Amino acid sequence: MSSSTSLFEVRNLEKHYPINRGLFNTEVGRVRAVDGISFSVERGETIGIVGESGCGKSTAATSMIRLEEPTAGEIDFRGEDITEYDEKELRRFRREVQMIFQDPDSSFNPRMNIGNAVAEPLIVQGFDDEQRRRAIVGDLLERVGLSADDMNRFPHEFSGGQKQRIALARALAVNPSLLVADEPVSALDVSIQSEVLRLIDRFQDELGLAVVVISHDLGVVQEICDRVAVMYLGEFVEVGPTEELFTDPQHPYTRALLSAIPTPDPTERGLGVELTGDVPEPSDPPSGCRFHTRCPEVIPPEGIDLAQDTWRSVLHLRKQVIADQVDLESIAEVGAIEAGDEFGSMDEVEAEDIDNDRLIGWVRQEYELPNQLGDTSAEQTLSQALEELVSGQQEAAAETLTERFETVCERQDPETRSLSPDHRVACHLTDDSVVGSTDSENEYRRQLSSPE
Amino acid sequence: MSVHTDTLLDVEDLHVYFRTDTGENVRAVDGVSFQVQPGKTTAIVGESGSGKTVTSEAITQLFPSPPGYIPEGSVTLDGQDLTEISDDEMRSVRGGKISHIFQNPQGALNPVYTVGWQIREAVMLHQDVSKTEANERAVELMTQVGIPEASTRLDDYPHEFSGGQKQRVIIAMALACEPDLLIADEPTTALDVTIQAQILNLLKELQEERDMAMLFITHDLGVVAEVADRVVVMYAGKVMERGPVMDVFQTPAHPYTRALLECLPGEGGLGGIPGQLPEPTDPPDGCRFADRCPHAVEMCTEGGQPDLYDVRNTEAHTASCVHFAPTMDPGVVLDGSERVATDGRGRTSTDAGQPSDDEEAEHR
């Protein structure tokens with residue numbers, strides 16, 4: 001049993017979905033939707049979980065209150081582990097914990113009037129007195145800014161914002177102590193968003209409610225949360241007090257998310273660090289730090305001194321070479337077109353017709369690599385690998401590149417470190433023993449810590 | 001009606017009504033005028049139900065008709081009035097000169113055809129090319145919109161793409177015929193912030209490359225600040241304020257614009273705008289926003305929607321609010337609240353017309 005006094009505490013929560021194939025339905029893999037997250041919520045506190053689509057935040061929401069069975073982990077509510085609850089205990093627990101969902105349209109039965117919808121949790125919890133039920137429902141509807149007379153109306157008669165308020169009333173019907181809100185306002189207009197957020201905020205004050213808000217919108221989270229957890233591919237990469245996290249983000253992913261928010265200021269255009277691509281498949285997460293495939297601040301290996309964008313290009317080339325996805329034929333074709341006249345007489349340009357040096361130049365162009373890398377030892381490796389690549393030895397090239405250009409970010413899973421008692425981050429950049437071993441890396445680190 | 005040489009699209013006093021079964025008219029768009037300049041972006045911003053989407057659909061008459069019809073107004077593209085041309089002519093304008101992209105990328109793609117087929121269709125409908133050429137063009141377009149290994153993805157079905165990539169495919173289709181004007185209706189609302197940033201940057205790049213004009217429909221003022229050259233703020237089928245993006249954000253004039261800005265998360269004003277949109281079948285007299293407006297006076301509820309008066313004597317920036325009429329004192333609105341102009345982080349500068357130089361970027 002936990003000795004802590006937290007209202008709700010989650011430790012190493014995991015939710016994996018097995019991928020089964022074949023005649024015997026054998027498990028061939030696992031989608032690691034939630035892969036070991038820990039946090040706690042106190043009474044009256046709001047914690048936000050943010051991340052892109054596909055990072056597992058909604059699965060985290062449903063499995064932390066056992067709407068879905070978690071694969072592993074402990075979930076303590078008032079000191080009791082709810083993962084050990086049976087059906088009956090679970091029902092009692094549901095009285096304390098309620099959830100509201102993103103889409104207010106589909107979370108109501110279109111044939112059930114609002115009064116009955118809001119009363120349903122009461123019925124489930126065995127509240128038999130109909131008179132009192134109606135009184136409670138009427139009171140709740142008034143508290144969320146509707147009228148008790150609306151009880152007999154149906155969901156389609158309300159706007160999206162009103163429906164979300166009714167959903168809030170329904171969640172509060174059983175007087176819970178924890179509210180889990182999964183994207184509560186992302187389907188609503190800005191002007192309605194702030195109304196609903198204000199309501200949640202008010203109830204929290206009045207009822208001492210603990211709230212977990214799941215959102216992809218950092219603005220929403222900034223508005224109402226005390227603490228924020230940033231989630232990427234099933235893991236928390238950074239957890240900290242809202243203000244600290246917004247003013248001094250430590251993880252490159254947090255920085256990237258923050259810089260992607262459009263500011264309502266036309267004098268300050270240009271959306272900062274642009275993350276390329278989408279979130280990788282959670283069934284096959286990248287090695288080491290899961291964010292390294294998209295990270296704009298990957299740490300170069302010891303002794304290699306390259307500008308970050310060149311370094312990224314090298315990594316990209318390496319990835320393509322390893323996957324054998326460098327299309328020399330099309331590179332040759334594009335190169336020939338750009339070179340113009342010289343190849344004008346040829347109908348089809350084949351990669352093998354082009355002399356190696358020239359083709360290497362085109363490959364460099366394609367992958368946005370300069371003709372000569374700034375770092376001599378890196379240049380040596382790269383030109384050797386390219387030489388191997390164009391002469392058809394893809395495997396050798398892959399090996400050459402892997403050997404030299406391996407970053408700590410892909411090799412090692414970063415530990416979660418505490419910067420202050422309630423600010424945790426999982427990134428090698430915050431680990432002095434990893435970075436700072438050479439002068440260039442020190443310099444690199446200094447650049448990172450002082451933005452622009 | 002004069003068409004300036006520097007105007008690509010001129011929407012003049014546009015009305016779009018929908019006739020209901022009971023014979024009433026829903027006045028979705030009720031007298032809207034704005035222009036789009038070649039190579040520039042005009043953004044229409046407003047809440048759900050403000051008529052912004054219907055306005056954009058009216059340009060190429062995409063709204064269902066009946067019950068929808070245009071009782072008044074004109075839409076002029078390159079000197080040609082689009083409200084008067086035949087259906088055949090309109091069909092060549094759609095996708096040819098004007099392309100649309102929509103909010104929900106899933107809904108805009110046919111799930112049973114490959115994306116290659118769908119892009120090819122867009123190309124072949126408007127250009128006399130062979131299937132092979134259309135195929136090449138499809139690959140080219142997909143590469144331009146940033147889909148990696150485009151040639152191998154041609155035979156994939158929409159469900160094999162992520163939401164952001166689907167939106168890229170839609171953009172590729174929209175660009176197939178090199179349109180002069182791209183109408184983007186909430187193109188990033190269904191996407192994550194990071195993907196939204198990618199798509200916005202892509203649209204800006206493509207716009208620059210092709211010198212294409214954009215009409216951008218959104219409810220997000222943050223996005224407006226990011227992409228627009230000119231802004232049109234709509235409410236209940238009427239234009240509340242319009243002007244160059246700098247002016248509108250520096251000196252938001254109409255009380256509605258100011259209320260919208262204050263709703264933005266991070267602005268501290270968790271108030272929302274009290275009240276509801278007026279009934280579209282029977283709009284009230286005077287300013288449509290009057291009964292939700294903190295600065296409303298008696299004359300706000302009389303007559304029609306106020307004229308668009310100049311804000312701070314700049315002709316380009318106008319607001320439909322009686323407080324900006326020549327005999328009135330705009331200070332009631334501008335100084336009435338402590339917010340005069342903010343840099344988007346809730347900081348205020350007291351002189352809205354003159355943003356101080358030291359307002360430098362603070363890392364968020």
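Trainee: Which strands of chain B does helix H1 (residues 52-59) lie across?

Mentor: Keep in mind that this is a predicted model. Helix H1 of chain B lies across S1, S2 and S4 of that chain, and runs at about 70 degrees to S2(B).

Trainee: What makes the sheet with those strands an open one, and in what order do the strands come?

Mentor: Four strands take part, in the order S2-S1-S4-S5 of chain B, with antiparallel pairing. Look at the ends of that order: strand S2 (25-36) and strand S5 (80-81) of chain B each pair on one side only, and they are the edge strands.

Trainee: How do you know that S1 and S4 of chain B count as paired?

Mentor: At least two bridges are needed for a pair. Strand S1 (residues 9-19) and strand S4 (residues 68-77) of chain B are joined by 7 bridges, so they qualify, and they run antiparallel. To see the pairing on your screen, find B:His15, which stands opposite B:Glu72 in S4(B).

Trainee: Now to chain A. Why is A:Arg78 called partly exposed?

Mentor: Count its neighbours. Buried needs 20 or more other C-beta atoms within 10 Å, and exposed needs 12 or fewer. A:Arg78 has 15 C-beta neighbours inside 10 Å, so A:Arg78 falls in between and is partly exposed.

Trainee: Where is A:Arg78 found?

Mentor: A:Arg78 is in the loop between strand S4 (72-77) and strand S5 (80-81) of chain A.

Trainee: What describes how helices H3 and H4 of chain A pack?

Mentor: Helix H3 (residues 114-124) and helix H4 (residues 130-143) of chain A pack at an angle of about 115 degrees, and their axes are 10 Å apart. The crossing of H3(A) and H4(A) is right-handed. On the H3(A) side, the contact is made by A:Gly115, A:Val118, A:Ala119 and A:Leu122. H4(A) contributes several residues, among them A:Arg133, A:Arg134 and A:Ile136.

Trainee: Why is one residue of that contact classed as polar?

Mentor: The contact of H3(A) with H4(A) has 7 nonpolar, 1 polar and 2 charged residues.

Trainee: How many residues does each chain give to the contact between the chains?

Mentor: Chain A gives 36 residues and chain B gives 38. On the chain A side, H6, H7 and H9 are the elements that give two or more residues, and H6(A) gives the most, with 8. By class, the chain A side has 17 nonpolar, 7 polar and 12 charged residues.

Trainee: Which domains does the assignment give for chain A?

Mentor: Domain 1 covers 8-248, domain 2 covers 266-294 + 410-449, and domain 3 covers 308-406. The centres of domain 1 and domain 3 of chain A are separated by 51 Å, taken over C-alpha atoms. Along its principal axes, the C-alpha trace of chain A spans about 90 × 60 × 50 Å.

Note on methods:
Residues are numbered from 1 along each chain as its sequence is written. Chains are lettered from A and ligands numbered from 1 in the order in which they are written. This is a predicted model: local features need pLDDT of at least 70, side-chain atom pairs count only at pLDDT 80 or more; totals for chains, interfaces and linings use all residues. Domain bounds come from an automatic or database domain assignment. Two residues are in contact if their C-beta atoms, placed from the backbone, lie within 7 Å. Axes are lines fitted to C-alpha atoms, for helices over the stretch in contact, and angles run from 0 to 180 degrees between N-to-C directions. A crossing is left-handed if the near helix is turned anticlockwise from the far one by less than a right angle, and right-handed if clockwise. Ala, Val, Leu, Ile, Met, Phe, Trp, Tyr, Cys and Pro count as nonpolar, Asp, Glu, Lys and Arg as charged, and the others, Gly among them, as polar.
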